[in-house]
Amino acid sequence: PNLLWPQRNALRFLRQREDLLVVNCDKNLGPAVIERSRYVDFAFRDHLRDASTYRRHSKQGAVKHMHHVRLELQKWIEKHKAFLSSNEKYFLRVNLKENTDPF
């Protein structure tokens with residue numbers, strides 16, 4: 001983006017803060033800063049607790065679903081590996097390994 005160096009430094013400083021998130025606003029209004037805890041609260045309040053859209057899983061159901069998704073991703077990668085660049089394959093493998101059971 002076309003930012004002046006003080007603006008770049010300010011964004012860099014904000015991105016280093018683990019308690020803050022720099023997010024893009026809707027309607028192309030530019031970046032905004034929000035406390036991470038508020039962002040998570042808003043996500044739960046405005047989206048994830050909406051029973052008409054989301055269904056709450058038990059811990060056991062969530063773990064089962066997580067493992068199923070991991071296997072499906074691994075099958076997809078294997079099936080399409082001829083069409084993936086080496087960087088894409090590396091990215092997918094590394095991120096599959098790094099994403100571990102949150103429970």
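## Exercises on a predicted model

Four salt bridges are counted in this structure, a salt bridge being a side-chain nitrogen of Lys or Arg within 4 Å of a carboxyl oxygen of Asp or Glu. The model is predicted, so local features need pLDDT of at least 70 and side-chain atom pairs count only at pLDDT 80 or more, whereas totals for chains, interfaces and linings use all residues. Residues are numbered from 1 along each chain as its sequence is written, and side-chain values use heavy atoms, with hydrogens and water left out.

**Exercise 1.** Determine which residue forms a salt bridge with Arg17, and how exposed the two partners are.

*Solution.* Step 1: side chains of opposite charge can pair when their charged atoms come close. Step 2: the partner of Arg17 is Asp19, with 2.8 Å between the closest N and O atoms. Step 3: the classes are buried (under 20% relative accessible area), exposed (over 50%) and partly exposed in between, using a 1.4 Å probe and protein chains only. Step 4: Arg17, at 33%, is therefore partly exposed, and Asp19, at 38%, is partly exposed.

**Exercise 2.** Describe the salt bridge of Arg45 and classify its two residues.

*Solution.* Step 1: Arg45 pairs with Asp46, and their closest N and O atoms are 2.7 Å apart. Step 2: Arg45 has 53% relative accessibility and counts as exposed. Step 3: Asp46 has 40% and counts as partly exposed.

**Exercise 3.** Compare the span of H3 with its expected value, then locate its buried and exposed residues.

*Solution.* Step 1: the expected span is 1.5 Å times one less than the number of residues. Step 2: H3 has 22 residues and reaches 31 Å from its first C-alpha to its last, close to the expected 32 Å. Step 3: Ala62, Val63 and Ile77 are the buried residues of H3. Step 4: seen down the axis, these buried residues fall within an arc of 100°, so they line one face of the helix; the arc is that of the directions from the helix axis to the C-beta atoms. Step 5: the face turned away from the buried side carries the exposed residues Gln60, Lys64, Lys75 and Lys79.

Key:
Helix = DSSP H or I, 4+ residues; strand = E, 2+ residues; numbered from the N terminus.
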